[in-house]
Amino acid sequence: MKSLKDIEKKYTPEEMAEGLVFPGTQNPKERETALAEFRKFRKKIASVQSEKSKTISQLLQLKFLMEDYLNADTFNEDFHFGYFLKEYIRRLEKKNKEFAHEIDIDPTELSQVINKHRKPAEKLVFRLEIHSNKNFPAIMWFRLLEKERMYEVLHDRDLINSERKYVTQKLEFSF
Amino acid sequence: MLLKDTATGNKLEAVVEPVTSKDFKIIKKDNARFDKFDWNRYERQEVYKLRLKNDETILGLTCLTEHTDEATNAIEIELLEVSTENIGEKKKLDNIGGCLIAFACREAFKRGHDGCVFLTPKTSLIAHYSAKYGFHHIALKTTQRPEGLMVLYGNGSRKLIKKYLEQ
């Protein structure tokens, strides 16, 4: 572990700021004083935060949660297309009916998609990209559907078995 | 997120992941590359590493502390270190520090803190954290801590995420 003086001898302040963050005080009293001051600042910025900025924060949170879920190897039954769609609408503080009107989708269809009683049509996905001004691109929603489909195919053999009767010829070997 | 090879100008894809106990052993052994701080003191905290997508070599480390109480509502960058060969004028890869700070900003949005991130600067680095990453300086009204804190939030955090993570 190098001392600050040693580090300062080797690098310019600019180089240090680019690649280093030093630990703060280890003194609990000093740390609490600093945090108390920070809280005052935090309160101030929260009090002047606009509604638009709050909405952006909420939507960014949703987008990053979605991205991380899509990049994870695990499947979570709760995180289906309808869940993220419902969250998108909720964070915009809109009623389902109002949102359905904005993207010209039948409110019943929207409700069925949200409640997982119906698969979303392509047009809904494309309209979501347009409604969100490309902040939630169609490809993201399709990846979500693909993840759900992959899980279904892997875990529900009946999906494939129900088609068995239609295949009259198959390969005789297996790799 | 992309790093830049300073010799060729090529962009290289990188990832940020949680540090495992195996990684801590590597960091301890490889202490010439991470010689500024004692990372093993932070083993029980939230520590992340940055590496190239196709290479296991650790290129940067950061320790984050999440302040979930309503009044603080932010993520603190407690510690950050870029590997020795990637810091200073002879660095091989660029943007490691920026990607790690932008990662903290992204986490601060993802966890519902409005992108609010802060760190404790050394006095000589205050202006540079502002110039390089857009941090705001809060001068604390205490005699013990003349350096204050550096804060990034909202639009400032979004800009950093766009610059370093969404290239």
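This is a predicted model: local features need pLDDT of at least 70, side-chain atom pairs count only at pLDDT 80 or more; totals for chains, interfaces and linings use all residues.
Residues are numbered from 1 along each chain as its sequence is written, and chains are lettered from A in the order in which they are written. Local features need pLDDT of at least 70, side-chain atom pairs count only at pLDDT 80 or more, totals for chains, interfaces and linings use all residues, and side-chain values use heavy atoms, without hydrogens and water.

Helices (H or I, at least four residues) and strands (E, at least two) are DSSP runs, numbered from the N terminus. Among the buried residues are Phe81(A), Phe84(A) and Tyr88(A). Just after α5(A), Glu93(A) adopts a positive phi of about 55°.

Turning to charged pairs, the whole structure holds 29 salt bridges over all chains, each a side-chain nitrogen of Lys or Arg within 4 Å of a carboxyl oxygen of Asp or Glu. Arg39(A) and Asp69(B) form one of them, at 3.7 Å, N to O. This pair crosses between chains, linking helix α3 of chain A to the loop between β4 and β5 of chain B.

Within chain A, Arg149(A) and Glu152(A) pair at 2.8 Å, N to O; they are about one helical turn apart because three residues separate them in helix α9. In chain B, Arg111(B) meets Glu107(B) at 2.9 Å, N to O. Here Glu107(B) is buried, at 5% relative accessible area, whereas Arg111(B) is partly exposed, at 23%.

Notes:
Buried means under 20% relative accessible area, exposed over 50%, partly exposed in between (1.4 Å probe, protein chains only).
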